[in-house]
Amino acid sequence: MIFITAKFRVRPEYADQWPHIAAEFTAATRAEPGCLWFDWSRSVEDPTEYVLVEAFRDDEAGAAHVRSEHFEAARRTLPPHLAETPRIVNTTLAQDDWSLLGEMAVPGQD
């Protein structure tokens, strides 16, 4: 799978509205057949920072995402709300789901 984490620093006046601003893009991406997950979180230390954790089945699914109409629309509509260019980590992993964090295993959970 392609695993991506991106940090978006949103302009302060849009920080509380960001989930709504990105909602259409989020919904369309989650509906892509190759999308495994596409999840936003907000920093507990910086209310203007959102972290996007996303995964796509393979290179083909990632390429289809970048070529999609909703991705092109997001390239036009999201940047005016940002304080800076998002930062990203992008890697390919030989797995297709989350692994368990064994060091913090919950007793009795398989």
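Helix α3 (residues 59-67) packs against α4 at an angle of about 50°, and the two axes lie 5 Å apart. The two helices, α3 and α4, are therefore oblique to each other. These and the following values derive from a predicted model. On the α3 side, His65, Val66 and Arg67 meet Glu69, His70, Phe71 and Glu72 of α4. The residues of this contact between α3 and α4 comprise 2 nonpolar, 2 polar and 3 charged.

Helix α4 (residues 69-77) also packs with helix α2 (residues 23-30); their axes come within 9 Å and cross at roughly 160°. An angle over 145° counts as roughly antiparallel, which makes α2 roughly antiparallel to α4. The crossing of α2 and α4 is left-handed. In this contact, Phe25, Ala28 and Thr29 of α2 meet His70, Phe71 and Ala74 of α4. By class, the residues of the contact of α2 with α4 are 4 nonpolar, 2 polar and no charged.

The largest pocket holds about 450 Å³ of space. Its lining consists of 22 residues, and those nearest the pocket centre are Phe8, Phe25, Glu54, Phe71 and Ile88. Two or more lining residues come from each of β1 (2-9), β3 (49-56), α3, α4 and β4 (87-92). Strand β1 gives the most to the lining of the largest pocket, with 4 residues. The lining of the largest pocket divides into 16 nonpolar, 3 polar and 3 charged residues.

Notes
Residues numbered from 1 in each chain as written. Predicted model: local features only at pLDDT ≥ 70, side-chain atom pairs only at ≥ 80, totals over all residues. Heavy atoms only, no water. Axes fitted to C-alpha atoms, helices over the stretch in contact; angles between N-to-C directions. Parallel < 35°, antiparallel > 145°, perpendicular 65-115°, else oblique. Left-handed = near helix turned anticlockwise from the far one by under 90°. Contact = heavy atoms within 4.5 Å. Nonpolar A, V, L, I, M, F, W, Y, C, P; charged D, E, K, R; others polar. 1 Å grid on protein atoms, 1.4 Å probe; cavity = no way out; pocket = protein on both sides within 12 Å on 5 of 7 lines; lining within 4 Å. Points joined across faces, edges and corners; volume = space filled by probe spheres on them.
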